[in-house]
Amino acid sequence: MSKKLLIVESPAKAKTIGKYLGGDFTVKSSVGHVRDLSKRGLSIKIAPVDGRKDAWTFIPAYEVSPEKKDVVTGLRKAAKEADEVYLAPDPDREGEAIAWHLSEVLDGVTKGKPVHRVTYNEITKRAVLDAVAHPRDIDLARVDAQQARRILDRLVGFKVSALLWKNLQYGKSLSAGRVQSVALRLLVEREREISAFVPVAYWIIGVETSKGSKDTAFIAKLSRMDGEKPDVKSQEQAAMIVDDLDGARLRVAGLKETPKTRHAYPPFTTSTLQQAASSVCGFSPHRTMSIAQKLYEAGLITYMRTDSVNIAAEARAAAKDLISSEFGAEFVPEKPNFYKSKANAQEAHEAIRPTDVRVHPGDAGLEASGAKLYDLIWRRFVASQMADARLVQKTVSLEAEKDSLRHSYLFTASTTAVAFDGFLAVMKAAAKKSKAADGTDEDSDEVKSLPPLAEGEILAPERWLSDRKETKPPPRFSEAALVKALEENGVGRPSTYAQTIKVLLDRQYATQEARQLVPTQRGMDVNDWLVKKIEPLFNVGYTAQMEGELDKVEEGKEKGDEMLSDFYRKFTGWMEAAQDPPPPPEKFNALFLLLDEVKNWRPPMTIGKRTFGDKEFIDSVRKQMDEGVKPVSEKQLQALVKIAVAYRDQILDGEMRLVDLGYGPEVDRVKNAPSEELVKWCFLTIDRIGGLTKNPFLNSLREQVDRGRRLSAKQFSILARSVGENAGALDDAEQVRARLAPYVPGGFEIAPVDPAVPDLLKLLESVTEWKEPVRRGRKVYNDREFVESLRDQYARRSSLSPRQAMALRRVCVTYREQIPSFESVADKLGLRDLPHREKAPNAAKDAKADAMAEDVRSEKEEA
């Protein structure tokens with residue numbers, strides 16, 4: 001019997017599928033991609049086609065990822081032992097590329113052996129066996145499209161990010177991306193739209209009336225004034241209307257019942273699942289996709305990266321049977337519900353649905369978050385196959401009557417009742433949550449209920465209402481709203497949205513406030529530079545057009561190199577236009593003339609494999625100018641200015657000549673900077689303090705000084721503040737602070753001394769059993785680490801902040817059972833009236849950030 005090897009992406013899938021296939025198959029996992037573009041340089045060879053200047057070939061330099069070398073070795077061994085190989089990564093563009101990369105790395109051991117591509121939309125025994133029984137070849141057009149996308153993203157990311165590093169003062173933490181930067185642009189433009197918004201006041205006129213009892217009371221709103229929609233824009237106008245209505249009665253002028261039909265939503269695609277999970281469950285897109293991946297690998301749902309709303313015939317039939325048996329035949333539509341996917345959707349895929357609709361949410365055996373998402377998917381799918389809901393809207397029109405009315409007034413109130421639940425029978429809970437998240441129209445005339453009324457009936461107004469409102473600015477994007485905006489604009493693909501938002505947050509381009517995405521100043525600066533310099537590349541319409549071009553490549557209508565050549569022609573032009581013109585040669589020559597007088601140069605420094613020397617740098621710039629191959633830059637000019645200022649004492653009238661050249665501010669900055677001796681003394685003091693030697697930001701300053709580079713005034717201020725505020729345990733703390741005080745605007749923040757702190761720390765030395773840390777989002781609350789951080793800070797500063805001291809007391813109370821002397825010292829140390837907290841990590845929660853911030857203050861200020 002032949003040996004067969006099947007390779008999937010994840011170990012979880014390998015385990016599940018291995019049970020389905022039996023002993024004939026060995027199932028292995030590639031653990032995602034095994035190859036990618038090398039991280040060394042651009043890693044794309046761009047060569048002209050037949051000497052042309054408008055067409056190129058793009059040859060990517062792939063390499064096996066370092067962390068995947070052992071995986072590839074294992075796969076090669078398994079492939080060598082097998083007679084037949086099946087490549088079964090996910091059924092999308094990315095999965096097709098993984099299959100191709102696997103075929104490439106296994107080529108040496110699979111020659112002469114059949115290598116198949118198999119795909120399935122769900123991990124069920126039926127689907128997997130059917131896929132293996134009907135293998136195909138790798139779809140090279142789809143691979144070409146994925147490779148073109150990867151090359152596009154590398155070109156944009158590699159080349160544009162370098163411009164950001166050069167032109168913005170945030171260092172190499174910045175990045176640009178073809179989709180990421182467009183998403184950032186949407187956030188920034190919305191934020192500016194909100195900032196520029198000027199609210200306009202308006203008034204809603206209404207009336208509260210009833211049939212004489214409290215339970216028949218309702219509110220009607222003014223819908224027509226002299227036959228026109230009212231437009232009340234001032235308090236005076238509103239007051240005139242209320243004054244005109246004073247003393248009027250209300251006559252029921254009309255009663256109308258309007259039947260309405262509400263259709264079910266289609267089953268989920270990737271983006272609509274992310275949006276609904278955010279609104280209903282409070283999940284971020286990234287978390288939603290992570291949970292959905294687990295549900296898919298467990299065989300509970302179909303593939304979760306899809307933009308199609310198609311449903312397989314057998315799944316539709318299973319849903320029909322369930323609806324008929326559990327809800328009744330009347331809940332089955334006369335004709336099956338079919339939904340239309342958007343124009344560029346991959347119709348071969350299905351929507352996201354349960355693999356077996358008979359597995360109810362309560363029977364799936366899932367943990368809380370998985371159960372919530374599965375419940376959402378299950379209900380949405382079942383609802384999509386159910387009959388429409390039938391509603392009845394009742395509207396009453398009330399006409400104001402009075403002999404002396406200056407205008408005619410018509411008030412309306414409406415209520416909506418469900419005549420037939422239809423799909424709402426399964427969607428009610430989720431629909432309510434979604435509606436609550438979206439909010440309701442406060443200007444609507446909808447009320448909870450209306451009493452029985454007859455046309456011509458007279459009602460007495462209980463009070464006239466005049467409510468001032470203001471027009472509202474557009475809301476900030478939530479994660480779900482940004483996903484929706486990206487999809488509606490055709491930017492990116494649903495499978496990339498979660499990662500795109502994660503990058504915006506990780507790069508500190510945006511923060512989350514009350515579940516809304518708010519661009520940071522860093523994000524605004526990056527966006528403004530990109531839009532100013534390379535606007536066409538990050539235009540929403542152009543980015544959407546590129547997605548359409550990639551779709552053409554996948555469909556085989558265009559070659560990847562043709563599409564990339566069309567892009568590259570435009571891209572090179574945009575990049576050239578984005579470059580700042582080089583400084584005039586005269587500026588360099590004037591500095592060279594000064595620097596030629598310097599005789600004694602500081603010796604070069606070697607750090608790692610690189611050597612840094614002032615004289616060597618000057619010679620390299622001079623050589624670059626003489627050769628004329630590569631233009632000199634503003635950055636090189638500024639470096640020469642700094643060197644000239646540093647050596648001004650060796651230049652005849654150096655200071656005056658530098659001022660004459662326009663470099664007076666640079667001279668003043670250096671003259672007013674702290675001496676090298678003072679900077680070195682600060683680092684020696686840090687070594688004496690001890691606890692700051694692991695601070696990464698302060699260590700970066702030390703490394704900068706060791707390289708011979710001066711600290712900026714801001715950098716030294718941060719260094720001085722950190723030293724002064726942490727010197728509390730030193731015998732000469734006051735002298736240290738006095739020496740550094742001139743460099744710390746606003747003075748040092750010294751926490752008041754709490755005499756109980758040493759005793760509190762001593763009490764906690766008896767604790768031997770600490771409770772388990774608790775993770776909440778990205779934060780981990782750990783009492784043991786928290787106490788040690790406070791102990792370390794107190795050793796350095798001889799003080800804790802009042803908030804930290806209170807948190808320390810709470811921890812003592814939490815662990816009172818392990819502190820033998822607790823009762824005897826509780827009154828003295830202020831432990832009596834504090835609440836006992838069962839969950840130890842929570843005792844530290846309120847002050848952990850404060851404690852950690854004390855050590856990393858300098859990092860935050862620099863950021």
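This is a predicted model: local features need pLDDT of at least 70, side-chain atom pairs count only at pLDDT 80 or more; totals for chains, interfaces and linings use all residues.

Student: What is the strand order in the open sheet of four strands, and how do the strands pair?

Tutor: The order is β2-β1-β7-β8, and the pairing is parallel.

Student: How many bridges join β1 to β2?

Tutor: Strand β1, residues 4–8, is joined to β2 by five bridges, with the two running parallel. Within that pairing, I7 stands opposite K28 in β2.

Student: And what lies across β1 and β2?

Tutor: Helix α1, made of residues 11–21, lies across both strands and runs at about 170° to β2.

Student: Changing topic, where does D90 lie?

Tutor: D90 lies in the loop that connects β7 (84–87) with α3 (93–105).

Student: Is D90 buried or exposed?

Tutor: D90 counts as buried, because its relative accessibility is 3%, and buried here means under 20%.

Student: What is D90 in contact with?

Tutor: If neighbours within four places in sequence are left aside, D90 is in contact with E9, K13, G95, E96, R117, Y296, Y303 and R305.

Student: Since α3 came up, at what angle do α3 and α6 pack?

Tutor: The angle between α3 and helix α6, residues 140–167, is about 100°, and their axes are 8 Å apart. The two helices are therefore roughly perpendicular to each other.

Student: Which residues meet in that packing?

Tutor: From α3 there are R93, E94, E96, A97 and W100, and these meet L140, R142, V143, A145, Q146, Q147 and R149 in α6. Sorted by class, this contact of α3 with α6 has five nonpolar, two polar and five charged residues.

Student: Now β9, please: how many of its residues are buried?

Tutor: Strand β9 covers residues 201–210, and ten of its ten residues are buried.

Student: Which residues are on each side?

Tutor: A201, W203, I205, V207 and T209 are on one side of β9, while Y202, I204, G206, E208 and S210 are on the other, and both faces are covered. As background, side chains in a regular strand alternate between the two faces of the sheet.

Student: How many bridges does β9 have with β14, and how many with β10?

Tutor: With strand β14, residues 458–470, β9 pairs in the antiparallel sense over ten bridges, and T209 stands opposite P461 there. With strand β10, residues 218–225, the pairing of β9 is antiparallel over four bridges, and the bridge partner of G206 in β10 is K221.

Student: What do β15 and β16 form?

Tutor: They form a hairpin with two residues between them, and A514 in the turn has a positive phi of about 55°. Strand β15 (residues 510–513) and strand β16 (residues 516–519) run antiparallel and are joined by four bridges, with Q512 opposite L517 in β16.

Student: Last topic, how many disulfides are there?

Tutor: The count comes to zero disulfides, taking sulfur atoms within 2.5 Å as the criterion.

Student: Are C281 and C812 buried or exposed?

Tutor: C281 counts as buried at 17% relative accessibility, and C812 is buried as well, with a relative accessible area of 0%.

Technical notes:
Residues are numbered from 1 along each chain as its sequence is written. Side-chain values use heavy atoms; hydrogens and water are left out. Buried means under 20% relative accessible area, exposed over 50%, partly exposed in between (1.4 Å probe, protein chains only). Contact means heavy atoms within 4.5 Å. Axes are lines fitted to C-alpha atoms, for helices over the stretch in contact, and angles run from 0 to 180 degrees between N-to-C directions. Angles under 35 degrees count as roughly parallel, over 145 as roughly antiparallel, 65 to 115 as roughly perpendicular and the rest as oblique. Ala, Val, Leu, Ile, Met, Phe, Trp, Tyr, Cys and Pro count as nonpolar, Asp, Glu, Lys and Arg as charged, and the others, Gly among them, as polar. Two strands pair if DSSP finds at least two bridges between them.
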